Number of protein chains: 2
Amino acid sequence: MESKGFSEKHRVTYYETDMNGTVGLGRLVDLMMLSCNDQSDAVGLSSEKVNQMGLGWIVTQNMIDIKRLPRRNETIYITTHAKSYNRYFCYRDFWIHDIRKQELAHMHTVFALMDQNERKIVRIPENLIEPYHSEYATKIERLPLPKELERIDRQKEYEVRFWDIDINQHVNNVHYFEWMLDALDLDFLIKYQPVSMNIEYKKEIRYGQKAVSQAQITMTGVETVTTFHEIKVNDELSCRAVCDWKLRKEEWIM
Amino acid sequence: MESKGFSEKHRVTYYETDMNGTVGLGRLVDLMMLSCNDQSDAVGLSSEKVNQMGLGWIVTQNMIDIKRLPRRNETIYITTHAKSYNRYFCYRDFWIHDIRKQELAHMHTVFALMDQNERKIVRIPENLIEPYHSEYATKIERLPLPKELERIDRQKEYEVRFWDIDINQHVNNVHYFEWMLDALDLDFLIKYQPVSMNIEYKKEIRYGQKAVSQAQITMTGVETVTTFHEIKVNDELSCRAVCDWKLRKEEWIM
């Protein structure tokens, strides 16, 4: 059967934007995941239903490209497409377009299915993947992975909050963005805007744990910077990422 | 001229809800404030415009009553009405209704205007209030204020994050809810649901500051609890609140 996409319209609210008047990276991922959640509801496989089977979808990698961040009050189109899958992984693409159909952002994401009691990845049953009409691929995709930090330029500690926990009873990936980017501090986040990000999730974080967010900042040009990120709990790696930034200019914002 | 309200429809997204599948208290206030922001945009007095005048609207008190918290994917109606004002304060009401027009929540809020350089409350100029068609009231409302803590049962520290800062360049009030309620911990927030909350904002918090969130938990009945909250920066009070809770029951959730 032909592979199908899913699309929806969304207005960016004021509380979905930050001091720069645009959507932050974590919220951008939230917005994209919205289409995925809504598609799952539409095919009768809501997160709640998957949870009732003792399972939960988790993201193991996100690769994001950003042309322009959606602005406060802007109407956008969010599209998702469950591209392909193999026994253990699903590959899904996301796009955000503006009302003139210009692409603002694209994300390629790897999903896996977790047994909620064992806290381990399990083989994907056919009935949980069939409704999305993905293509079966025997190969596991070989995606580039973010490199280890060479040095720690910035570091901050984060205690898991109630609001960080999701339906899978662990810290939702999106909150990792807050921890990774907040460690760069306000001046950096006003001066630069993200161009692309590659995030690999290694280990879940639970309520009651304390995470440390470490960042390395490397100038790559006059107006470009690359930041490397690691989130650790008790010296164990939970997440690793690399992000490319460029100088924020008026013409990029408006 | 007759006083006018403003109303809009909103679908609650998955990322606007917490582990309980309902909107949290901070997000509930965000949702209500959305209607206020949209009304301001509609009358040509957006936050950006007010900011360009060197001014910013700040909230000094919120009084919230909750019949039921909006649920994931629920469509709600958000209504606001700029009830009355005097020289220094504006009184505004908010309501959330479900699609059957049942009231889910109501909030009464006191606004003031801050000079962004002086960081002080200023007299409200006529041109910033006239478009809302509020009634002029000579009297200042005497609202009940939350009481001081008698003891500290729970305490947590919070460092201001980039994502906490709003267009007024201080911590947005809504993040105070995260700090106040997160201090109660996960077990409490799963066991109880909020019924009403009264929050008085005393002093703004800026980037780089560390806040301490203190809470007192007082059982008031077999299934009811009252919590008292204070947020302080260097022993100076930033916010004080009181919240009534009742045992979360299935029939309340669904």
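This is a predicted model: local features need pLDDT of at least 70, side-chain atom pairs count only at pLDDT 80 or more; totals for chains, interfaces and linings use all residues.
The contact draws on 42 residues from chain B and 42 residues from chain A. Together the two chains bury about 3,700 Å², with 55% of that area on carbon and sulfur atoms. If you look for the residues that stand out on the side of chain B, go to B:R161, B:F162 and B:W163: they supply 23% of the area that chain B buries against chain A, more than any other three residues.

The interface has its polar side too. There are 19 residue pairs in polar contact between chain B and chain A, counting pairs with both residues at pLDDT 80 or more. Several elements of chain B give two or more residues to the side that touches chain A, namely β1 (5-11), α1 (25-42), β8 (154-159), α3 (173-182) and α4 (186-191). Of these, α1(B) provides the largest share, with 8 residues. Salt bridges cross the interface as well, and the rule finds 10 of them between chain B and chain A. One to pick out in your viewer joins the side chains of B:E8 and A:R11, at 3.3 Å from N to O.

Over all chains, the count comes to 40 salt bridges. In chain B, the side chains of B:R27 and B:D30 form one of them, with 2.6 Å from N to O. These two residues are 3 residues apart in helix α1 of chain B, so about one helical turn separates B:R27 from B:D30. Both B:R27 and B:D30 are buried.

Another salt bridge in chain B brings together the side chains of B:E230 and B:R240, 3.0 Å from N to O. Here the pair links distant parts of the chain, with B:E230 in strand β11 (residues 224-233) and B:R240 in strand β12 (residues 236-247), 10 residues apart. B:E230 has a relative accessible area of 3%, so this residue is buried. B:R240 is buried as well, at 16%.

Now turn to chain A. The side chains of A:K232 and A:E230 meet in a salt bridge at 3.5 Å, N to O, and A:E230 is buried, with a relative accessible area of 3%. Elsewhere in chain A, salt bridges join A:R68, A:E74, A:D98 and A:R100 into a network.

From charges we can move on to rings. Searching the whole structure gives 18 aromatic pairs over all chains. Take A:Y176 and A:Y201 as an example: their ring centres are 5.6 Å apart and their planes stand at 65 degrees, so the pair is edge-to-face, the class for angles over 60 degrees. A:Y176 belongs to helix α3 (residues 173-182) of chain A and A:Y201 to strand β9 (residues 192-201) of chain A, so the pair ties together parts that are 25 residues apart in sequence. A:Y176 counts as buried because its relative accessibility is 2%, and A:Y201 is buried too, with a relative accessible area of 10%. The two tyrosines also take part in a cluster, in which ring pairs link A:Y158, A:Y176, A:W179 and A:Y201.

The rings of B:W57 and B:F111 have centres 6.4 Å apart and planes at 90 degrees, so they count as edge-to-face. This pair, too, links distant parts of the chain: B:W57 is in strand β2 (residues 55-66) and B:F111 in strand β5 (residues 103-115), 54 residues apart. B:W57 is partly exposed, with a relative accessible area of 23%, whereas B:F111 is buried, at 8%.

Rings and charges come together at residues 77 and 101. In chain A, A:K101 lies over the face of A:Y77, 4.7 Å from the ring centre. In chain B, the charged end of B:K101 sits over the ring of B:Y77, at 4.6 Å from its centre.

Our last stop is B:Y136, in strand β7 (residues 135-136) of chain B. Is B:Y136 buried or partly exposed? Its relative accessibility is 46%, so B:Y136 counts as partly exposed. Apart from neighbours within four places in sequence, B:Y136 is in contact with B:Y85, B:N86 and B:R87. B:R87 lies 49 residues from B:Y136 along the chain, and the C-alpha atoms of the two are separated by 8.7 Å.

Notes: Residues are numbered from 1 along each chain as its sequence is written. Chains are lettered from A and ligands numbered from 1 in the order in which they are written. Side-chain values use heavy atoms; hydrogens and water are left out. Rings of Phe, Tyr and Trp (its six-membered ring) pair if their centres lie within 6.5 Å; planes under 30 degrees apart count as stacked, over 60 as edge-to-face and the rest as tilted. Helices (H or I, at least four residues) and strands (E, at least two) are DSSP runs, numbered from the N terminus. Buried means under 20% relative accessible area, exposed over 50%, partly exposed in between (1.4 Å probe, protein chains only). A charge sits over a ring if NZ of Lys or CZ of Arg is within 6 Å of the ring centre and within 35 degrees of the ring normal. Contact means heavy atoms within 4.5 Å. Buried area is the accessible area (1.4 Å probe) that two parts lose on being put together, summed over both. A salt bridge is a side-chain nitrogen of Lys or Arg within 4 Å of a carboxyl oxygen of Asp or Glu. A polar contact is a pair of N or O atoms within 3.5 Å; within protein, one must be able to donate a hydrogen and the other to accept it, and residues adjacent in sequence count only if both atoms are side-chain atoms.
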